[in-house]
Amino acid sequence: MKSLKDHLGGTKLRHAIVLGTGLSRVAQVQADDRIIPYAEIADFPLLHVSGHAGQLVLRRHGDGYDAFLLGRAHAYEKGDAAAMKGAIGALAQCGAQSLILTCAAGSTRAHIPPGSIVQIEDHINFSGLNPLIGETGDRRFVPMVDAYDAGLRHALKQAAQATQIDMHSGVYMWFSGPSFETPAEIRMAQKIGADLVGMSTVPEVILARFFGLPVAALAIVTNFAAGLAGGNPTHDETKRVAEQAADDVTRVLSHFLAQAS
Ligand code: HPA
């Protein structure tokens with residue numbers, strides 16, 4: 001099977017964007033784009049969750065490609081927190097300048113209602129899982145202060161301002177899923193400083209830092225978290241609301257990519 005490097009055929013990689021649940025259309029696939037199923041790229045995952053397409057879209061930009069990853073593999077699928085390790089490692093190896101992650105999330109804050117876009121500024125990992133468990137050598141002890149790259153965060157904030165999208169910022173807490181949280185778990189999350197809860201992103205941030213890839217993340221709030229303001233999330237609701245917010249995310253990311261060198 002061809003590696004990502006083979007598929008790129010010598011063209012450099014610029015920025016990579018992972019599109020989460022219900023957000024595939026953010027890529028706005030165009031006639032000139034190259035679309036490659038993950039199944040045809042060595043080390044990319046096979047996906048099994050509805051709302052996740054499993055395709056890589058390569059879009060020419062200047063002398064390089066921007067890459068959209070339509071869908072991700074989650075730790076809850078097989079208990080493997082390193083499910084995205086191959087793909088993120090390949091992006092880093094091919095010289096990607098940045099990785100922008102997107103995801104759906106539940107909100108624990110009344111002032112961040114469904115439909116909001118939130119830039120993740122930090123995270124809480126209480127899942128007991130870590131994609132680097134089993135790594136050997138000192139590189140596994142990855143520092144996580146400023147894990148979310150300050151330059152990318154600034155650029156995304158600027159992109160939101162320029163496109164007049166109201167973007168919040170907040171702390172995301174990773175629950176392994178796939179069951180949603182209980183109201184008691186959400187009350188705890190709220191108390192310890194989580195603004196958002198979700199089932200992805202955190203392991204990918206850890207992997208990106210492991211591979212030395214600058215990373216940032218945007219969450220789309222699809223619901224109030226369990227027990228808050230009547231919140232009782234379902235996967236259908238997550239997909240539906242994420243799809244509704246996809247246009248705002250598209251505007252922010254298109255502007256970011258247009259401005260990025
Ligand atoms: N919890 C966990 N993951 C989620 C949620 C939630 O409330 N909403 C969207 N993804």
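A: Strands β1 and β4 run parallel and are joined by six bridges. Two strands count as paired if DSSP finds at least two bridges between them. This is a predicted model, in which local features need pLDDT of at least 70 and side-chain atom pairs count only at pLDDT 80 or more, while totals for chains, interfaces and linings use all residues. Residues are numbered from 1 along each chain as its sequence is written, and side-chain values use heavy atoms, with hydrogens and water left out.

Q: How are the helices and strands assigned and numbered?
A: They are DSSP runs numbered from the N terminus: helices are H or I with at least four residues, and strands are E with at least two.

Q: Which residue of β4 is the bridge partner of I17?
A: The partner of I17 in β4 is F68.

Q: How do β3 and β4 run, parallel or antiparallel?
A: β3 and β4 run antiparallel, with seven bridges joining them. H61, for instance, has G64 of β4 as its bridge partner. The two strands form a hairpin with two residues between them, and G62 in the turn has a positive phi of about 60 degrees.

Q: Why is β4 described as largely enclosed?
A: Seven of the seven residues of β4 are buried, so the strand is largely enclosed by the rest of the structure. Buried means under 20% relative accessible area, exposed means over 50%, and partly exposed lies in between, with a 1.4 Å probe and protein chains only.

Q: Which residues of β4 point which way?
A: G64, D66, F68 and L70 point one way, Y65, A67 and L69 point the other way, and all are buried. In a regular strand the side chains alternate between the two faces of the sheet.

Q: What does T11 touch?
A: T11 touches R60, D63, G64 and Y65, leaving aside residues up to four places away in sequence. Contact here means heavy atoms within 4.5 Å. T11 is found in the loop between α1 (4-8) and β1, and it counts as buried at 16% relative accessibility.

Q: Turning to charges, how many salt bridges does the count come to?
A: The count comes to nine salt bridges. The rule asks for a side-chain nitrogen of Lys or Arg within 4 Å of a carboxyl oxygen of Asp or Glu.

Q: Which residue meets D63 in a salt bridge?
A: The side chain of D63 meets that of K12, at 3.5 Å from N to O. This pair links distant parts of the chain, 51 residues apart: D63 is in the loop between β3 (55-61) and β4 (64-70), and K12 is in strand β1 (residues 12-19). D63 is exposed, with a relative accessible area of 53%, whereas K12 is partly exposed at 39%.

Q: And what about D247 and R25?
A: Their side chains meet in a salt bridge at 3.3 Å, N to O. D247 lies in helix α7 (residues 235-259) and R25 in the loop between β1 and β2 (34-37), so the pair ties together parts that are 222 residues apart in sequence. D247 is partly exposed at 44% relative accessibility, and R25 is partly exposed at 44%.

Q: Are D195 and R109 buried or exposed?
A: D195 and R109 are both buried. Their side chains form a salt bridge of 2.8 Å, N to O.

Q: New topic: how many aromatic pairs are there?
A: The count comes to two aromatic pairs. Rings of Phe, Tyr and Trp (its six-membered ring) pair if their centres lie within 6.5 Å; planes under 30 degrees apart count as stacked, over 60 as edge-to-face and the rest as tilted. Y38 and F44 form an edge-to-face pair, 5.3 Å centre to centre with 70 degrees between the planes, and both residues are buried.

Q: Why is the pair of F210 and F211 edge-to-face?
A: The ring centres of F210 and F211 are 5.2 Å apart and their planes are at 70 degrees, so the pair is edge-to-face. F210 is buried at 9% relative accessibility, while F211 is partly exposed at 27%.

Q: What covers the buried residues of α6?
A: The cover includes β1, α3 (85-93), β5, β6, β7 (167-174) and β9 (215-224). Helix α6 (residues 202-210) is mostly covered, with eight of its nine residues buried. G212 follows α6 and has a positive phi, near 75 degrees.
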